Amino acid sequence: KLNQKIHQLDKVLGVYVHPGMGDEGLALGSALLSIKNPKVSFLKSVYLGPSSDNKEIELILKNSNFSFEKYSVSSISKIASKLLADNNIIGLFKGRSEYGPRALGSRSILANPASKEINTKVNNRLNRTEFMPFAPVVLKEKFNEIFVSKKSLENIIHTAKFMTITLDVSEKWKHKIPGVVHIDGTARPQVIDIETNELYYNIVKDFYNLTGLPCLVNTSF
């Protein structure tokens, strides 16, 4: 919310908040300080953590006595989006984990944002308090339609990729996606494009094709 207020100041053109804004950012800050005249640029990806291969995952599933099925990567988005459209809750675990405090599509719980009740349903299953806000993952091409600002949203697109700023939700969309809208009419989006995370993007896109909603609830897995 504070980052949003800073963006709204007259003399501020744009806001970029690094996704590793807590203690996890100290190592990167130290590295930058050690470099003379470092070239500073936007971080393109947060998928910098450890990963698990299929053999490791399969072994854990077998040892846990879970029933499971294997699918091709190309079919996962179709299956997941249909389950989400039918109001199921999905756990998405794929590739390297995220750097920073946010789940951004590698270790995410996804759900349909069309009902406010989804917050209570997921929080009860995770034993979390109702204070925990839910954020939307939004298709990049629909970002300017769902959110409104007196200033150009293009100047904060990089920070909106990492869920580090709240934005006002347009009146048209507040009632369509209540599961991700805060009590003050804002939401904390993650903008997703196919270049950043292809599977994650395709799940949201296929869900949009089924429901007309270009976003999903995304919370930490």
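User: Thanks! Is Asn65 buried or exposed?
Analyst: Asn65 is exposed, with a relative accessible area of 69%; exposed means over 50%, buried under 20% and partly exposed in between (1.4 Å probe, protein chains only). A word on the source: this is a predicted model, where local features need pLDDT of at least 70, side-chain atom pairs count only at pLDDT 80 or more, and totals for chains, interfaces and linings use all residues. Residues are numbered from 1 along each chain as its sequence is written, and side-chain values use heavy atoms, leaving out hydrogens and water.
User: Where is Asn65 placed?
Analyst: Asn65 is in the loop between α3 (54-63) and α4 (73-85); helices (H or I, at least four residues) and strands (E, at least two) are DSSP runs, numbered from the N terminus. Asn65 has a positive phi of about 60° although it is not a glycine. Most residues other than glycine have a negative phi.
User: And what about Asn87, what is its phi?
Analyst: Asn87 has a positive phi too, of about 70°, and is not a glycine either. Asn87 is in the loop between α4 and β1.
User: New topic: which residues does Ile203 touch?
Analyst: Leaving aside neighbours within four places in sequence, Ile203 is in contact (heavy atoms within 4.5 Å) with Ser77, Ala80, Ser81, Leu84, Leu92, Leu110 and Leu216.
User: What stands opposite Leu92 in β2?
Analyst: That's Ser108. Strands β1 (residues 90-93) and β2 (residues 107-111) pair in the antiparallel sense over four bridges; pairing takes at least two DSSP bridges.
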